[in-house]
Amino acid sequence: MEKRRLGRTGHMSTIGIFGGAAFWDVSQEQADETMELVIQSGINHLDVAPQYGVAEEVLGPWLDKERQRFFLGCKTMERSQSAAWQDLERSLLRLRTADLDLYQLHAITSMDELDQVTKPGGALATLIAARDQGITRFLGITGHGINAPAVFIEALSRFDFDCVMFPLNFILYAIRAYRERTEQLLQICRQKDVGVMIIKSIARGPYPTDVKSHTTWYLPFSSQAMIQKSVNFTLSQPVTGICLAGDIRLTPKLIKACQDFTPINREEQQELLESSDQYENLFT
């Protein structure tokens, strides 16, 4: 699998990053089978969070013996310094590790939330303290929603984050305002040498009913052909890699798509953008 430099971290991350959200509700046996596949594929970057069901617990046994194999990113959704520190300690305990490679502010979706974490006594202070104490080497920010690129442009003006993580797919990119903000953000990331990780690369839209076909909170593309097209589009942008979707049934298909990734030219990208009106935008 291709590897790309994760910005100033210097880490050569595989373009497929295993997202712990896939371990939302799995047994240890199911997690073990998936991790064997992840290791066999050569993936060298894991991303996890306390909000991902049992992910930290089932990854713990693997990190206990395979910690050096992976660049490990974790997150906190807490907004205050004290609560974020407690969150960090719990994550380290469950993951069975003394340190992380990347610790991130999780799900910052609005300017109000950005204000909460960056003010005195906010969660950003915990990230800085963790880095100062050698618990993590790098700091990042993640977010969802239609405003993510704009929020992160502001975030990078307030603090020198090492990495960002946000949604990007051909359906979102067909929205002019989203594309313009994303291109502006990616330009800033290039200038500042910030690593860029992408989520929701295979999001097709919201579920049409309350009945969900997958453990992802969005309706994903599930055919190998559409997963390949979606992955090819997203990885043809100036990003480091994509987080694999939050469902272990999709993991083999996404691994194959990353292994078979082929850059697509502007004409091919435009064809996908023009097809986006067949689908519903995930965000409102």
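Residues are numbered from 1 along each chain as its sequence is written, and side-chain values use heavy atoms, with hydrogens and water left out. Because the model is predicted, local features need pLDDT of at least 70 and side-chain atom pairs count only at pLDDT 80 or more, while totals for chains, interfaces and linings use all residues.

Start with the charges. Side chains of opposite charge can pair when their charged atoms come close. The structure holds 19 salt bridges (a side-chain nitrogen of Lys or Arg within 4 Å of a carboxyl oxygen of Asp or Glu). One of them joins aspartate 162 and arginine 8, at 3.2 Å from N to O. Aspartate 162 sits in the loop between helix H6 (148–158) and strand E8 (163–167), and arginine 8 in the loop between strand E1 (3–5) and strand E2 (12–14), so the pair ties together parts that are 154 residues apart in sequence. Helices (H or I, at least four residues) and strands (E, at least two) are DSSP runs, numbered from the N terminus. Aspartate 162 is buried, at 7% relative accessible area. Arginine 8 is partly exposed, at 25%. Buried means under 20% relative accessible area, exposed over 50%, and partly exposed in between (1.4 Å probe, protein chains only).

Glutamate 154 and arginine 158 meet in a salt bridge of 2.8 Å, N to O. Both lie in helix H6, 4 residues apart, about one turn of the helix. Glutamate 154 is partly exposed at 28%, and arginine 158 is partly exposed at 37%. In helix H8 (residues 176–192), arginine 176 and glutamate 180 are also 4 residues apart, about one helical turn. Their salt bridge spans 2.9 Å, N to O. Arginine 176 is exposed, at 60%, whereas glutamate 180 is partly exposed, at 41%. Salt bridges also form a network, linking Arg67, Asp99, Asp101 and Arg137.

Now turn to the cysteines. The structure holds 0 disulfides (pairs of cysteine sulfur atoms within 2.5 Å). Cysteine 189 is buried, at 2%. For cysteine 243, the closest cysteine sulfur belongs to cysteine 258, and at 10 Å that is too far as well. Cysteine 243 is buried too, at 9%.
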